[in-house]
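Visitor: I would like to learn how to read a few features of a model. Please show it to me first, and then we can go through the features one at a time.

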Amino acid sequence: MNYREAERLLYSLISYERDKAKYQDFKLERFKSFLREISSPQEKLSNVVLIAGTKGKGSTATMLASALSACGIKTGLFTSPHLLSWRERIRISGQMISKKDFCQILSSLLPKVKKYRLTFFETLTAIAFLYFLREKVEWTVLEVGLGGRLDATNVVSPRLAIITRIGFDHTELLGEDLLSIAKEKAGIIHPNSLVITFQQKPEVLAVIKKTAREKESEVITENLISLKSLRLTKAGSQFKIKKNPHPFFLPLLGRHQVENLELVLSALARIKVGDERITWEKIGDGLANVYVPARCELISQHPEIMVDCAHNPDSCLALRDVLKDIFKKKAIFVFGVARDKKVEEMLKILSDVGSSFVFTQARHPRALNREILASYGEKLNIKFTTEKSVGQAIKTALAQQKREIVVITGSFYVVGEGMNSLGYRPAGILS
């Protein structure tokens, strides 16, 4: 099997990223039976960290993996979704899985993938498990794909669970209220493990604590590592930590990334116990080299263009605050979303810093029609135009640009197409 054949095969599998309606029929038992037939690789992985939450879980996972790798610890990282290549999702110490390894593992799994009718995400998760096991990673950092309780990553027995702030997303699947969503996310808490979570609403925290008690697991709800001298800049965040003169820098923009960082530092404070390789100086080096594409990423200075994968109200709030507090300017938004999103709420938030919108839609089955977006624009009385393709929408936005920043946002798929149309390929992401 070559890589092109592997891509075609993956596209042919059931994907809840493409068709959320089928999620209602999902059960983990089939995937667990499949894993037993391939000798349960998930049970043999070392030092697993499982990360769930509504926003920031990908950035949190990447920060933690980068810090551990900088300490000389071979670290596997599994994230989703991807922007331009499937292989972005599976990395060891920052390096994407090679096409050869990807195809080799998928080929070996193919008969059983077909036998058990695995989904797209289950198949990628299994590839990651086998790759990390084969390469003998020392730590495994897994980002939950959707929810928690029923996610394919949740077949592991994590040493540590991190739950980033919980808000409203995928409500048609996880529940319309925060309690229901929190119960799904708290499903990643396993017996006799450690759970770290901050900045949760009281009713959400109550669910997490109750689940942890039932699982006889410890919960940390307050930051173990305090930051001082914090400065938020257009390049990232500068800070120090108490009792350590070493200056730190995180090249991710916004106060919301500082919140994710605090989770990571608290996790490292506990992980550090018993491993002399982990030092704050090395952690600082790892954080300084963190790169998470399309998270308030400025991809062009002249003209000024930002890409951000904000796809729910919470992430739109974070994007708004970056534009308002750090860039201190209005934006022209190239905006497209999936059909299941809280579109009106997202547009209300962004309109606070938007001079105008160019509505568009990605080439994706779940993309919301741009004409429906236009109806929201009319309802909210915001200035907008519509364009059939993301590439044309960017051209229209750039033609309108004066002093504003052009921001491409609304979904991973819109951002990915935008990057492609501009010929921009994020660092470390190959074809």
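Visitor: With which residue does E344 form a salt bridge, and how far apart are the closest N and O atoms?

Guide: One caution before the answer: this is a predicted model. As a general idea, side chains of opposite charge can pair when their charged atoms come close. Here E344 pairs with K379, and the closest N and O atoms are 3.0 Å apart.

Visitor: Which parts of the chain does the pair R366 and D340 link?

Guide: The side chains of R366 and D340 meet in a salt bridge at 2.9 Å, N to O. R366 sits in the loop between β15 (354–359) and α13 (370–380), while D340 sits in the loop between β14 (331–335) and α12 (343–351); the two are 26 residues apart. R366 counts as buried because its relative accessibility is 8%.

Visitor: How many salt bridges does the structure hold?

Guide: There are 20 salt bridges. Salt bridges can also join into a network, as they do for D101, R134 and E135.

Visitor: D101 brings me to helix α4. What should I compare to judge the span of α4?

Guide: Compare the distance from the first C-alpha to the last with the span expected at 1.5 Å a residue. For α4 (residues 99–115), with 17 residues, the helix reaches 24 Å, close to the 24 Å expected.

Visitor: Where does α4 bend?

Guide: The bend is at L109, by about 50 degrees, and a proline, P111, follows within four residues. Just after the helix, R117 takes a positive phi of about 50 degrees.

Visitor: Which residues of α4 are buried, and what covers them?

Guide: The buried residues are D101, F102, C103, I105, L106, L109, L110 and V113. Their cover includes α1 (3–12), α2 (29–37), β3 (90–92) and α5 (120–134).

Visitor: Last, a loop residue. What does the side chain of S411 reach?

Guide: S411 lies in the loop between β17 (405–409) and α15 (412–422), and its side chain reaches the backbone nitrogen of V414 at 3.0 Å. S411 is buried, with a relative accessible area of 7%. Leaving aside neighbours within four places in sequence, S411 is in contact with A310, H311, G336 and V337.

Conventions
Residues numbered from 1 in each chain as written. Predicted model: local features only at pLDDT ≥ 70, side-chain atom pairs only at ≥ 80, totals over all residues. Heavy atoms only, no water. Salt bridge = Lys/Arg side-chain N within 4 Å of Asp/Glu carboxyl O. Buried < 20%, exposed > 50% of the residue type's maximum accessible area, 1.4 Å probe, protein only. Polar contact = N/O pair within 3.5 Å; in protein donor to acceptor, adjacent residues only side chain to side chain. Contact = heavy atoms within 4.5 Å. Expected span 1.5 Å × (residues − 1). Bend = angle between axes of the 7 residues up to and from the residue.
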